[in-house]
Structures are given as C-alpha cells and as structure tokens.
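Q: I have a model open and want to go through it before I set anything up. Can you take my questions as they come?

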Amino acid sequence: MRISNKSKWQIGLLLLPGVLIFGIFTLYPILKLLIMSFFQWDFKSIAGQQFIGLDNYKEVIQDEYFQTAFVNSILYTLVTVPGQMFLGFLVAMLINSVTKFKVGYRVLYYLPVITSWVIASLVFKYVFNTEGLLNYFLANVVHITEQNVRWLDNRWGGLTVAMFLGIWKGIGWNMVVFLAALQTVPRDLYEAANVDGAGAVRKLFSVTLPSIRGTILFALVMLTIGGFNVFTSIKMITGGEPAHKTDVVLTWMYYKAFSAGKFGYSAALSFIITVVLAILAVIQFNLMQKKDG
Amino acid sequence: MMKKRTRYDLLIHFILLSALIVVILPMVYMISTSLKPNGALYEYPPRFLPSIREVTLENYRYILGQGKFYINFCNSIFVSVAAVLITAFVASALGYVMARFEFRGKRFLFAFIVLTMIIPGLTLIIPQYELAVKLRTINSLEGLIPFYVAWTIPYSTFMIKGFVENVPRELDEATYMDGGSVFTVFVRVIMPLAKPGIASVSIFNFLTYWEEFPWANTVINDNMKRTLPIAISGFFGQHQFTQWGYVFALSAFSLIPILLVFIFCQRFFVAGLTSGSVKG
C-alpha cells in the first residue's frame, strides 16, 4: 500500500504523544543517569559536578554494603523465583485436572496478586511480629519453637519474611500463566504417551514440560527482573534494618540517593543492576534454546 | 473405574482447598484485625478471630470519619483513572502504527521501547526526581501522571501491538476504499476491535497506578495530596506505636476498588496475562 502525504502526517501525529512522553520521562532520565554515573554528583557538589570516570562504579563494587545488598537480591531471586514457579505450576496442574470450580479457584488463588505491596507487606509484618500470631502458633500451639522467633530484627529473619511474601504474592500470577499454557498442550501427545504406557511422571517430563517451554522461559525472565525489582516489601517490613543488613539493591540505591545524597554512586549502581539483568536474560534465553536441540 | 476417578477428584479438591486456606489466611487476618477493638490488638495471646461480642466497626468509623482519607481516596482515583485513559490512548496509537505501517527507524524504536522493560523502574528515580524538580511537579498530583504513563508505555504498547495484529487487515482496506484515512481506521476499526485487549492492559495499568508507592512517596509530601498507599504507610513513624486496627481498616477500604475491578473484569484479566506468555 502506498502511503500518501496526508497519511504520513496522521501517522506522525499518532506517534507523537507516545514518543514525546517516552522521550522526556524515560529516555532522557536513562541518558541523564548514564551521565551522572561518571560524575562526582552529590549534595555537596550540587553546584559543580566533576567528571571522575569510573570511580563511582569502583566505589559501588568495593562497597561492603552494596555487596551485602547484592547478595540479598540474588538470594531473594534464587529462592522466590523457583518457589513461586513451582507452587504456581503445581496449583495450575491441580486446577487443570478437576472439572468443577475451576474459575472459583483461579479467582481466589489470584487474590494475593492484586493485593497491593504496601498492604501485603504490612500484613506480613504484623503476622511475623515477635509477639505476633505466627510466633504464638509456632511456640504455643504446635510447639515447634521453644520461644518467640525474632523474625524482623536480623538479616536472615527479615529476608525470610520478605521471601515468604514474594512467593505468596507470586503464586497466583504463575498459576494463571501456566494454566493458559497447559491448555495449549496438544491432547494427542498425551494420548500417544498413554499408548506407549507412560506414567504420570513420565508424561510430565516428556510431554507437558517440553510443550510449555516457551512459557517457562517467559516466566523465568519476567520473575528474575521482578526479583531484582523488590523494594516496597523490604522498605515496609525491615526498612533495611538492622544496619542495612536486609537491604536489597534498590533499597540501598534509594538510601544512598535520598538519605546520603550520593547521586553519582546510585546512578552507577543502577547501571550495574541493569547490565546484570540484561546478562541474566541473555543467559536464560540461551539455556532454554539449547535444550531445544 | 468411575468410583476411583471420583475419589481421586475429591482428593485434588481437598488439596486445592487446604492450600487455598493457607493462601488467603493473611487477608482474612487483615480483615479480622480491622474488626477488633483497638485495645485488643496488643493482647497476648493473639487470636486469629475476634469473639463475636468483640466485633466492632470502630476502626472503620474512625477512618471514614476523617475527611483526609476521602481526599486520599479521591487523589488515588483521579491519578489512576487519568493515567489509565492517557496510556490507553497513547499506547493504542503507538501499537496501531507499529503494527500497520513501515517507516524508517521503526524496528529500532520498537525494540528500544520494549528493551526498557528490563530496566528496574526505580533505578530511574534520581534523574526523574531531578526532572520533576525542573518541571515544578514536586508535590503536584497531576505531576505523577506523565511519569506513570511513561512507565507503562512499553508494556502497554507491546501488548496492544499484538492485539492490533490480530485485527484482520481487510477491515483497514475496506475503510480506505470508503475514503477513510489513517485516523478513521484507528477510531472506527482498530479501537473498537482491539477493545478487549486495550481493556485488559488498562486493568493492569490501573492496578499498577493504584498501588504505586515509591515514586509518590518520594515526590508528594503534602498530606492533602497523598495517594492511598502513602496514607497507609503514613501510620508508621507518626505515633510511638502503630494503630494496626486503623492501618488494616484503611487497607481494606483501599482494596474495594481493586476487588470491584477484579470481579467485574475477570475475563479481561486472563486475556491480558496470557496473550504475551503462550505465543513463544
């Protein structure tokens, strides 16, 4: 189809608002961030910023607080991503195998997903409080622990609570995504497997999982990005306490920028995280493709 | 044979229901706490449910008796609805052009927009804050909107482009035959036929804006301009000890619009979630 001049104008007008908003509020900040990361840019030097090359990057990588936060983010991602994928897939398989109440289950299992992070974090903070319901249940009802566990005032306790929250909130999303994928698996593959006398486990590994590989990859990439995006739950549950031991990369970045005024440092940190995520996404894609052949 | 099948089914329902109880327990506890008298919130041992005689609406009465929470509520509605409408229009226009026309730089533009999805949104907060200062939109409710729109453009455009591609091109051609322009096709063909897709994207965007916390918390200080998540988190730090009854009453109150959207738009939810995931 030939595009007339009038059409060109109209196409341009349709593109304009989106490109403009994206350009000003996303593209400009990306470029600005990149520039800031090479400058000494903080409260003190707000008048005259000095070009310092890669010094901010060096400072970030050598910073013990950043290293702790980075390890925390990695652990959070390593635990919550497989955790919610596994449980979400399990629930999807179960829902897929029943005939009644499918919609009801789907709606109810999805409720945690639509609950806002702020609210969900507060509920978890309240439940995991030292004098809270969970401790009471563990110590006085089922007698697993002798005394109340101090969940919220140490590194591993705080991270554990955030991880529980991350998994709890993610099951529903995985469930819906995997349910849709399960419905695309061709039925005759199962019938062929039945003819070959394959058992349930064999069918899972030889038919179901290979057929939904695309969805697994999609979920893996999205959730890994999501894992490094965690912010609100840490901020609300522990606030990084004690002594930044429960900080993740974004809460640490936020602290350095808005409490310590180290904008250059935070900008460099942001780029490091983005590069790490890009590399992870490429690795995940390659791993999944390899299984193909 | 039949009997075995039924028993197996019952077992699965049993597992699903038990797991479901664990999953929705925190939400039930939130509601139950909001119905307890505020004094009972610190009692030991803690109880999951209040006794029938104890059940009270005093927390809700307090929350709803404070004018400022209505303002917070209206603020959230205003920002979310405005951002949803603007994004729906802007991303539909982008998605339509990307799906239907060829022009120089198109592939690059689209790839770039989509690739920004990989960047954790919050990492841009420093230059965006600086931009907000320059544009004098600190402490401005309307000032939140362009940032929200910009964050959701990549995902929305990506999804809507997919929906537009499912609209048969013959319908475009027919409109051109009748003397229609690019705009006519957009308004008369694309918008109506991609409506379910645009709706599902909009629902997700609404949820995103409605619960957005870090950005609004950073740029809004004025009590009267706060959105609901900021108001809820505002219960902390003000007082020596947290009034959990109020916190959860306000939380439950703020979940109402979300639940309504969720219940009435269930089918769009699933469409929006799955169309991106099962293509590959």
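Q: Confidence first. What does chain B average in pLDDT?
A: This is a predicted model, and chain B averages a pLDDT of 86. At least 70 is the score of 91% of the chain B residues.

Q: Which elements of chain B have the lowest and the highest mean pLDDT?
A: The lowest is helix α13 (residues 266-274) of chain B, with a mean of 67. The highest is helix α3 (residues 67-100) of chain B, with 94.

Q: And what are the ipTM and pTM of the model?
A: The model scores ipTM 0.86 and pTM 0.89.

Q: OK, the interface. How many residues of chain A are in contact with chain B?
A: 76 residues of chain A, and they are in contact with 66 residues of chain B.

Q: Which element of chain A gives the largest share of that side?
A: Helix α1 (residues 5-36) of chain A, with 18 residues.

Q: How does the chain A side split by class?
A: It has 56 nonpolar, 17 polar and 3 charged residues.

Q: Now chain A by itself. How many helices and strands?
A: Chain A has 13 helices and 2 strands.

Q: What radius of gyration does chain A have?
A: 24 Å, whereas a compact globule of 293 residues would have one near 19 Å. Along the principal axes, the C-alpha atoms of chain A fill a box of roughly 75 × 75 × 35 Å.

Q: How much of chain A counts as buried?
A: 43% of its 293 residues. As for contacts in chain A with a separation of 6 or more, 68% of them are between residues 24 or more positions apart.

Q: How many residues are in the largest nonpolar core?
A: 152. Those with the most contacts inside this core are Val123(A), Phe124(A), Val161(A), Ala162(A), Val249(A) and Leu269(A). Helix α7 (residues 155-182) of chain A supplies the largest share of the core, 16 residues.

Q: Take Val161(A). What does it touch?
A: Leaving out residues up to four places away in sequence, Val161(A) touches Phe124(A), Phe128(A), Trp151(A), Leu152(A) and Ile237(A).

Q: Backbone next. Which peptide bond is cis?
A: The one from Glu241(A) to Pro242(A) is cis, with omega near -5 degrees. Pro242(A) sits in the loop between α11 (232-237) and α12 (249-258) of chain A.

Q: What is the phi of Ala243(A)?
A: Positive, about 50 degrees, although Ala243(A) is not a glycine. Ala243(A) is also in the loop between α11 and α12 of chain A.

Q: Is Ala243(A) buried or exposed?
A: Exposed: it has 10 other C-beta atoms within 10 Å, and the cut-off for exposed is 12 or fewer.

Q: What about Phe101(A), what is its phi?
A: Phe101(A) has a positive phi of about 60 degrees, and it is not a glycine either. Its place is the loop between α3 (64-97) and α4 (102-114) of chain A. With 14 other C-beta atoms within 10 Å, Phe101(A) is partly exposed.

Q: Back to chain B. How far does helix α9 of chain B reach?
A: Helix α9 (residues 195-211) of chain B has 17 residues and reaches 24 Å from its first C-alpha to its last. That is close to the 24 Å expected at 1.5 Å a residue.

Q: Which residues of α9(B) are buried?
A: Gly197(B), Ile198(B), Ser200(B), Val201(B), Ser202(B), Ile203(B), Asn205(B), Leu207(B), Tyr209(B), Trp210(B) and Glu211(B).

Notes: Residues numbered from 1 in each chain as written. Chains lettered and ligands numbered in written order. Predicted model: local features only at pLDDT ≥ 70, side-chain atom pairs only at ≥ 80, totals over all residues. Contact = placed C-beta atoms within 7 Å. Helix = DSSP H or I, 4+ residues; strand = E, 2+ residues; numbered from the N terminus. Nonpolar A, V, L, I, M, F, W, Y, C, P; charged D, E, K, R; others polar. Rg over C-alpha atoms; globule rule 2.2 N^0.38 Å. Buried ≥ 20, exposed ≤ 12 C-beta atoms within 10 Å, placed from the backbone. pLDDT = per-residue confidence, 0-100. Core = buried A, V, L, I, M, F, W, Y, C linked by C-beta atoms within 7 Å. Expected span 1.5 Å × (residues − 1).
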